[in-house]
Amino acid sequence: MNSTENRSILARISPTQWVALAVTVLAVVFVAENRSKVSIEFLLITIRSPMWLILLTMFAIGWVTGVLAMRRRSK
């Protein structure tokens, strides 16, 4: 039997993956606690939306930007 077959699922997760999981959980808690409606002004447009939606949108934009930057760097 291979030694990797005997390891538990939790032992197979790398430290980097644990950090990513912890940051994701913290982000979800932060979003869940900030549900009030806010007004965002961007250029001449004012948007009124729940804070969690704005935060989730900004998180997604940051994630996509990071993915695109990593692709450019690896080429």
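The questions below take up how some terms are applied here.

Modeller: This is a predicted model, in which local features need pLDDT of at least 70 and side-chain atom pairs count only at pLDDT 80 or more, while totals for chains, interfaces and linings use all residues. Residues are numbered from 1 along each chain as its sequence is written, and side-chain values use heavy atoms, with hydrogens and water left out.

Colleague: What makes up the secondary structure of the chain?

Modeller: It comes to three helices and two strands, in the order α-α-β-β-α from the N terminus on; helices (H or I, at least four residues) and strands (E, at least two) are DSSP runs, numbered from the N terminus.

Colleague: Why is Ser-49 called buried?

Modeller: Buried means under 20% relative accessible area, exposed over 50%, and partly exposed in between (1.4 Å probe, protein chains only); Ser-49 has 7% relative accessibility and therefore counts as buried. Ser-49 is placed in strand β2, residues 45–50, and, leaving aside residues up to four places away in sequence, touches Ser-36, Lys-37, Val-38 and Ile-54, where contact means heavy atoms within 4.5 Å.

Colleague: How much of the chain is made up of buried residues?

Modeller: Buried residues make up 5% of the 75 residues in the chain.
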